[in-house]
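The sequence and structure come next.

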Amino acid sequence: ISNAIEEYESNLNSVKNLEKSAADTPSGIALIRVLMDQHNLTMSDLPELGKKANVSLILKGDRNLTINHINKLGERFGINSAQFLS
């Protein structure tokens, strides 16, 4: 059954698109999204990244995280800042 499920899912465009999106997302951005989800945060809840508009640009990949952003996020969430580096 698992083989049939895997074959079915591998032929779904939505799954293919999700896999491509995940592969194209830098690990630092993916980590921020996971932390936002785990802590029920919105873009407005991340002052470490600036205003909501700046957070949006970062999450879309239109703006890069700075060293200052990375250090502040690591401190806030109690994790090694290096995990935000892609």
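## Exposure classes and the model

A residue counts as buried under 20% relative accessible area and as exposed over 50%, with partly exposed in between. The model discussed here is predicted.

## The salt bridge

The count of salt bridges comes to 1. E48 forms a salt bridge with R76, and the closest N and O atoms of the pair are 3.0 Å apart. Because E48 lies in the loop between α3 (27–38) and α4 (52–60), whereas R76 belongs to helix α5 (residues 67–77), the pair ties together parts that are 28 residues apart in sequence.

## The nonpolar core

The largest nonpolar core has 16 residues, and those with the most contacts inside it are I32, L46, L49, L65, L73 and F84. At least two residues of this core are supplied by each of α3, α4 and α5, and the largest share, 5 residues, comes from α3.

With its neighbours within four places in sequence left aside, L73 is in contact with I32, L46, E48, L49, L65 and F84; E48, in this list, is also the residue that forms the salt bridge with R76.

## The segment after α5

S81 lies in the segment after α5 and is buried, because its relative accessible area of 19% is under the 20% cut-off. Apart from neighbours within four places in sequence, S81 is in contact with I70, N71 and G74.

Technical notes
Residues numbered from 1 in each chain as written. Predicted model: local features only at pLDDT ≥ 70, side-chain atom pairs only at ≥ 80, totals over all residues. Heavy atoms only, no water. Salt bridge = Lys/Arg side-chain N within 4 Å of Asp/Glu carboxyl O. Helix = DSSP H or I, 4+ residues; strand = E, 2+ residues; numbered from the N terminus. Core = buried A, V, L, I, M, F, W, Y, C linked by side-chain atoms within 4.5 Å. Buried < 20%, exposed > 50% of the residue type's maximum accessible area, 1.4 Å probe, protein only. Contact = heavy atoms within 4.5 Å.
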